[in-house]
Amino acid sequence: MIHLTDVRKAFNQGKSNEFWALKGIDLTVRAGKVTVFRGPSGSGKTTLLTLVGCLARPTSGRVRLRDRDISGLPERFLTDIRRSTFGFVFQQFNLLKGISAVENVMIPAYPLGRDPKELSERAHALMDSLDIGPKAQSNAEWLSGGEAQRVAIARALINDPEVVIADEPTANLDSERSRQFLGIVETLKQAGKTVLMTSHDPMVCDTAVVDHVVCLRDGQLVESR
Amino acid sequence: MVFQPAIIALLLASAIGTLMVVASVPFAINVLRRWDTASGSEAQLEMEKRTYLVSTLLVVVLASELASLVLFVFNADRMSSLFVGAMCAVGTLNVNEFGFPTLYLKIVVFFAAGVWLVLNHVDSRGYDYPLVRVKYGALLALAPLMAGAAGVQLAYFLGLRADVIASCCSTLFSGNTQVTSDKLATTAPEAALSLLALVLGVVLVLGRRVLKSGKGAILYALVSGVAFVVALEAVVAAISVYIYEMPQHHCPFCILKGEYGHVGYALYLPLFAATALGLGGGVAAPSARIASLAEAGPRMVRRCVGASMAGFALFAAVTVWLIVRSHLILIEQSPVNAILLNLSGGQP
């Protein structure tokens, strides 16, 4: 589904502090599977995730979603792809404070101009399915870490994306909450979603729901299973 | 003389515009030589990123070129009070030998910039930069044109002398000399208006065909160009006379003056916009054959042609209104009868 060909990414290129986060990655991510990018801090996991999710462009190399090259797409098309194909769960969740959880969930759907009533129903249904229905009207800053993460997952799913991307999803959770999260991943997989995660948590990498683990070190792919 | 706000604005706009376009030329050459979307090389990705910046800058610069033509004409008209003998923009443009060449070059730049903006807009609708080479190839042609226009304009403004006795428009548009402008004035108003009606009719028929079937946009563009020339001829030969209500006054610039309600702008703005959009529609038409523009290309062509038709229709409506409200009876029968008679070979 997603193919990466000799992808390289540099930060501060041409400056004294130039840093190559990725040094030639060739990879295929299969549709409907759960893939984890594993590696120590600074190995390039998050950078790789942002390139796959069209949040950044590679310095060289190509990223293809099905047959279309998405690494060189004009920005207007990237926005559409980000909105319709990918759902993001960020490490710090990035919920907007001052508005309710359900409003946070609905935000990515606003630019699509969907019927507000239908949208609200879908947002509530998603929150119910993730067991956070009672927290729908709570402001984002009042939520616990686990609740905030589930709101972030509901937000990622509001546009019914094919691919859900999660950056270090269990980094801020205790073991019980991490197990609950993996249960949600199992549900997403059963629903036919492709899930991409970064993690160095053994609980995530060794769980049965994960189909594919890609190990990175110093910006290079060292192992893939 | 150069230190007039409008002149400073025009000089700055053309200098900055030319600088921007000339600075984009190396990038344009790079695109023409090295653009290859199949490659994932660093240089290719760098070009893909930079094309946003260059295109955005060029859009601003070329849009300002469109506005600068209007400002140039407005300024020429306003400055006529500074020169002995000048009654309108014609006098100002005649102060030295660079006046009219500047105007003509600015008109050419106006249409070239309009076409480039349409090309750029169509290109931005395709996900694979479908017209990027065409766009930057066209920029290579546009750069010397803009630089030439800026240079001639600078020479014109630097050569403005208040002690020069300028020619009044009556010497150019009286119908008594052999210069081209005067020959335009001698064209019979019936013939000029008949031809105008005929060409505008053809424009609308062709435009309707483009809107319905999506075909014929290139022909529409060509006829738009013809309609532009015929419309200017009609302005000199007949429309201006109806506005002034003086049979011997054919100046196409005095109609811009406040004493005639600046009605010239109501004629020229739709006409220039309609022509530019018509040309743009024709240039955009071949893009429909490109897979990534299969939907957006024809849609853009229809929009351009539709807007162009509206512009020509507005020009026609203003013309009819000016003739109807005029107290001058230039043609004994009503203009409609005269047109019909002319078309059928009879005498009005």
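Visitor: How many residues does the contact take from chain A, and how many from chain B?

Guide: Two residues are in contact if their C-beta atoms, placed from the backbone, lie within 7 Å. Here the contact takes 13 residues from chain A and 10 residues from chain B. Before we go on, residues are numbered from 1 along each chain as its sequence is written, while chains are lettered from A and ligands numbered from 1 in the order in which they are written. This is a predicted model, so to speak of local features we need pLDDT of at least 70, side-chain atom pairs count only at pLDDT 80 or more, and totals for chains, interfaces and linings use all residues.

Visitor: Which elements of chain A supply at least two residues each of the side that touches chain B?

Guide: Helices (H or I, at least four residues) and strands (E, at least two) are DSSP runs, numbered from the N terminus. On the side of chain A that touches chain B, β1 (2-11), β4 (60-65) and α2 (75-85) of chain A each supply at least two residues. β4(A) gives the most, with 3 residues.

Visitor: What kinds of residues make up that side of chain A?

Guide: For sorting, Ala, Val, Leu, Ile, Met, Phe, Trp, Tyr, Cys and Pro count as nonpolar, Asp, Glu, Lys and Arg as charged, and the others, Gly among them, as polar. The side of chain A that touches chain B has 4 nonpolar, 5 polar and 4 charged residues.

Visitor: How many helices and strands does chain A have?

Guide: Chain A has 7 helices and 10 strands. Its radius of gyration is 17 Å, close to the 17 Å that the globule rule gives for 225 residues, so chain A is as compact as a globular protein of that length. That radius is taken over C-alpha atoms, and the rule is 2.2 Å times the number of residues to the power 0.38. Along its principal axes, the C-alpha trace of chain A spans about 50 × 40 × 35 Å.

Visitor: Is T194(A) buried or exposed?

Guide: A residue is buried if 20 or more other C-beta atoms lie within 10 Å of its own, exposed if 12 or fewer, and partly exposed in between; C-beta atoms are placed from the backbone. T194(A) has 23 C-beta neighbours inside 10 Å, so it counts as buried. You'll find T194(A) in strand β8 (residues 194-199) of chain A. Leaving aside neighbours within four places in sequence, its contacts include M1(A), V29(A) and V163(A). T194(A) and V163(A) are 31 residues apart in sequence, yet 4.6 Å apart in space, C-alpha to C-alpha.

Visitor: What is the phi of N94(A)?

Guide: Most residues other than glycine have a negative phi. N94(A), though not a glycine, has a positive phi of about 55°. N94(A) sits in the loop between β6 (86-89) and α3 of chain A. D131(A) also isn't a glycine, and its phi is positive too, near 60°. D131(A) is in the loop between α4 (116-129) and α5 (145-157) of chain A.

Visitor: Now chain B: what domains is it divided into?

Guide: Domain bounds come from an automatic or database domain assignment. Chain B is divided into domain 1 (1-167) and domain 2 (170-348). Their centres, taken over C-alpha atoms, are 25 Å apart. Between them, 20 residues of domain 1 of chain B are in contact with 22 residues of domain 2 of chain B. On the domain 1 side, the largest share, 8 residues, comes from α4(B). That side divides into 13 nonpolar, 4 polar and 3 charged residues.

Visitor: Which residues touch the most other members of the largest nonpolar core?

Guide: A nonpolar core is a set of buried Ala, Val, Leu, Ile, Met, Phe, Trp, Tyr and Cys residues joined through C-beta atoms within 7 Å. The largest has 103 residues, and L196(B), A234(B) and A284(B) touch the most other members. Helix α9 (residues 217-244) of chain B gives this core its largest share, 16 residues. The core draws at least three residues from each of domain 1 and domain 2 of chain B. A second, separate core of 60 residues includes V36(A), V102(A), V105(A) and V163(A).
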